[in-house]
Amino acid sequence: MSRYLFSPLRIGPVTVRNRIVFSAHLTNYAEDGLPSEQHAAYYAARAAGGVGLVITEEHSTHPTDWPYEKLIHGFHRSVVPGYRRITEAVHAHGVPIFAQLNHNGGQASSMYSRLPVWAPSAVPDPMFREVPKAIDSREIAEVVAGYCTVASHCVEGGFDGVELQCSHSSIVRGFLSPATNKRTDAYGGTLVNRARILLEIIDAVREALGPDRALGVRLCGDELIEGGTTIDEAVEVARMVEATGKVDYINTSIGVATSTLYMIEASMAIPPGYALFISNAIRRAVRLPVVGVGRIKDPLQAERALEEGHCDLIGVVRGQIADPDFAAKARSGHASDIRTCLSCNQECVGRMGLNRWLGCIENPRTGKESVALPIPRARKRVLVVGGGPAGLQAASTAAERGHHVTLFEREQATGGQVAVAATAPSRAEFLDVVRNLRAECERYGVDVKTGVAATAEMLRDEHPDVVVLATGARPQPVHWAGGLDRIVDVRDVLEGRAAPAGDVLVVDDLGFHQAASVAELLADRGCRIQISTPGMVVCQDLGVTLDLETFNVRAHAKGIGQRTDEVVMSASAESDGVALQILKHTTGEMTEARFDWVVCAAHQTPDDALWHELKKAPFPVHRVGDCITPRRAHAAVVEGHRMAVSL
C-alpha cells in the first residue's frame with residue numbers, strides 16, 4: 001500500500017525515514033516567550049508515533065513581531081535551553097526536527113510589543129486593522145539580521161534545520177505580494193525586487209546554519225485575494241529560491257492567514273487535497289523536494305498524492321494532532337485504527353483564535369502530553385449508559401486502563417447527537433468521532449450493547465463497581481412557542497419527527513452549526529428559508545471554526561436569507577402557519593411576520609432522569625457530557641476521558 005509514503009528521502013544533509021511531515025502550526029504552548037516542557041512532550045509524542053520529520057511552530061525573529069501572546073521569541077538567547085529540551089526529546093526517537101523562523105510583518109498588532117508593526121508598505125491588514133510602518137533600508141537589514149540570529153540559536157539548540165515561513169503570515173510574504181508591497185525602491189515593483197529580501201535572508205541564514213543543517217522555504221502558491229500572489233508568480237519565486245543553491249526543500253501553503261484563513265486551515269466543507277495543485281506546479285518547476293499540504297486526513301490520501309506526483313513529502317498536521325501514532329499505525333498495516341481528524345476546527349484552530357492552548361476534540365491528551373496520567377487503581381467493573389461521544393470516550397479510556405467495561409445504548413447504533421448532526425449537508429465527516437471511538441471501544445474490549453435502554457433497577461441488579469451516565473440532553477420548547485405544532489426543534493427535523501415545508505424561519509439562539517445545518521437541509525428540500533438571530537451575525541461561532549465563509553457562500557447560492565439583531569417575543573397560530581411578534585432589539589421596533597413553520601436551534605435540557613433515580617445507589621454514579629449540562633462535543637469527550645482516568 002505504501003510504496004512511496006514509507007520510502008526514505010534526502011533533504012540536503014538530512015535523511016528522513018518516510019515522507020510524512022508534522023508541519024509547522026501554532027500551539028500557544030509558549031511560556032513568557034520561551035519554549036515549554038509541553039512543547040517538548042508534544043513534538044516527542046509525534047516523533048514516537050513514527051513521523052518522518054517534525055517542523056516546529058514559528059520562532060519570532062524580531063521584537064517588533066509579537067502578533068499573539070504565546071509566541072516563542074527566538075531572538076532572545078534564553079530560548080536555547082528550551083530548544084535543547086525539544087530537540088533531545090524528538091531525537092530520542094530518531095526523528096529530525098526543524099524550526100520555523102518568521103516575522104509576521106503587518107499581519108500583527110502592537111498590543112503586546114508596544115512597538116510599531118513593521119511591513120513593506122503602510123497597508124493595514126484587514127483583521128488587525130493597524131497601519132504598519134513601512135520599513136526603510138536600515139530596518140530591512142535589521143530584519144535580515146534577526147533571521148540570522150535565530151538561526152544561530154537553532155544551531156546551538158540542536159535543530160537539524162530551519163524553515164523560513166514566507167507564506168500565509170509573514171513579512172516576506174508581504175514583500176512578495178503585489179497586494180501589500182507598494183514600494184518603489186529596490187524592494188518593490190518587479191518580482192525580482194519583491195523577492196530581494198527573501199534571497200538576502202536565505203544568504204544570511206545559510207551562513208548561520210553552515211553546510212550540515214537543512215534550509216527550507218515555505219511559499220504561498222495563491223493568496224486568494226484581489227491583486228495578490230498567484231501560482232505563476234509563486235512558481236517563479238520557487239525557481240529563484242532553487243537558483244541560490246542554498247535551499248534544500250520547498251514547503252507550500254495557500255491563502256493569507258488573516259484574509260483567507262478559512263482556506264489555510266480548511267474545515268470539512270472543503271475537499272481533502274484541495275491545495276495540492278500548488279505543490280504540483282512548483283514540483284514541476286524545480287528539482288528540490290516539495291512538501292504538499294491540504295487537509296490530508298489518512299495514509300491513502302497521502303500515498304495517492306505522492307504516487308500522482310503532486311509532491312515529494314506530505315504535510316499532515318491535524319491528522320497527527322488527533323492521532324500522534326498516525327504514521328506508525330499506517331506503516332504497520334493498521335490504518336483503520338487511526339483516530340481520523342474531523343476537520344471540525346473546534347479545539348485546534350478554534351482554541352487558537354480564543355488565545356487558548358491547542359487541543360483536539362477527539363484526543364483529550366492533545367495539549368496535555370507533558371502531564372502524566374495517574375496509575376490505574378484496582379480493576380473495576382464499569383457500566384456506561386449512553387453511546388454518544390461522552391459515553392464512548394469514558395468506556396474506551398476505562399477499558400484501555402484495564403477496567404472491565406460494558407456500555408448500554410438505547411438506540412440501535414451508537415453516536416447520539418453526533419450521528420444526527422452528521423446527516424446534515426457538509427457535516428458527514430463529523431461522524432468520524434463516533435466511528436473512531438467505537439473502534440477504540442472494540443479494540444480495548446468494551447462490551448457494547450445497543451438497543452438496550454438501561455433502567456435503575458437493571459443497573460442495580462448488575463452490582464457494578466461504578467456507573468457512568470452519559471445519557472445526553474433532550475430538546476425543550478422555547479418559552480414563546482405556546483405549544484404550537486408548527487414550532488419545532490432542529491432535532492425534530494434532523495431526526496425525522498417533523499417535515500417543514502414552504503416558508504420556514506430558523507431561529508438561531510446557539511450561534512453554531514445547528515441552525516446552519518438545518519437551514520441548508522430544508523433549503524435543499526425546497527423550503528424558502530430565513531435564519532433569525534439575536535446576535536449581530538447569523539451562526540457567528542462558525543467564524544471561530546473557519547466555517548462561516550463557506551457557509552455564507554452556500555447559503556447565498558441556496559437563497560437562505562439572514563436576519564440579525566432580532567428576538568422572537570411571541571407566537572400565535574394562523575391558518576396553515578405561525579404568526580410571530582419580533583423585536584428588533586437595536587431599535588426597539590416590534591414587527592409581525594408569518595411563516596409556515598418555525599424551527600428553533602435552542603438550548604436543550606439534560607436527560608438526567610436516571611441520575612435522579614440512582615442518587616441512593618449502593619455504588620458510585622458519575623455523569624459526563626450533556627446529562628450534566630448541554631454543551632458541545634469536545635466537553636463530552638474531555639469529561640468522558642477525565643472520569644475514566646479518575647476511576
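Angles between axes under 35 degrees count as roughly parallel, over 145 as roughly antiparallel, 65 to 115 as roughly perpendicular and the rest as oblique. This is a predicted model, in which local features need pLDDT of at least 70 and side-chain atom pairs count only at pLDDT 80 or more, while totals for chains, interfaces and linings use all residues. Residues are numbered from 1 along each chain as its sequence is written, and side-chain values use heavy atoms, with hydrogens and water left out.

**Helix pair H3 and H6**

Helices (H or I, at least four residues) and strands (E, at least two) are DSSP runs, numbered from the N terminus. Helix H3 (residues 137-156) packs with helix H6 (residues 196-209) at an angle of about 30 degrees, and their axes are 8 Å apart. H3 and H6 are therefore roughly parallel to each other. Axes are lines fitted to C-alpha atoms, for helices over the stretch in contact, and angles run from 0 to 180 degrees between N-to-C directions.

Contact means heavy atoms within 4.5 Å. H3 contributes residues including Ile-140, Val-144, Tyr-147 and Val-155, and H6 contributes residues including Ile-197, Glu-200, Ala-204 and Leu-209. By class, the contact of H3 with H6 holds 13 nonpolar residues, one polar and one charged. Here Ala, Val, Leu, Ile, Met, Phe, Trp, Tyr, Cys and Pro count as nonpolar, Asp, Glu, Lys and Arg as charged, and the others, Gly among them, as polar.

Two strands pair if DSSP finds at least two bridges between them. An open sheet of eight strands has the order E10-E9-E8-E5-E4-E3-E12-E11, with parallel pairing. Its edge strands, E10 (249-253) and E11 (291-292), each pair on one side only. Strand E9 (residues 214-220) is joined to E10 in the parallel sense by five bridges, and Cys-220 stands opposite Ser-253 in E10. Helix H7 packs on this sheet, touching E9 and E10. Helix H1 lies across strand E3 (20-22) and strand E4 (53-60).

**Five-stranded sheet**

A further open sheet has five strands in the order E15-E14-E13-E16-E27, again with parallel pairing. Strand E15 (447-450) and strand E27 (621-623) are at the edges with a single partner strand each, so one side of each lacks a neighbour in the sheet. The twist averages 20 degrees from one strand to the next. Strand E14 (residues 404-409) and E15 run parallel, joined by four bridges, and Leu-407 stands opposite Val-448 in E15. Helix H14 packs on the sheet, touching strand E13 (381-385), E14 and strand E16 (466-469).

**Helix directions against strands**

| Helix | Strand | Angle |
|---|---|---|
| H1 (residues 37-48) | E4 | about 155 degrees |
| H7 (residues 231-243) | E9 | about 165 degrees |
| H14 (residues 389-400) | E14 | about 165 degrees |
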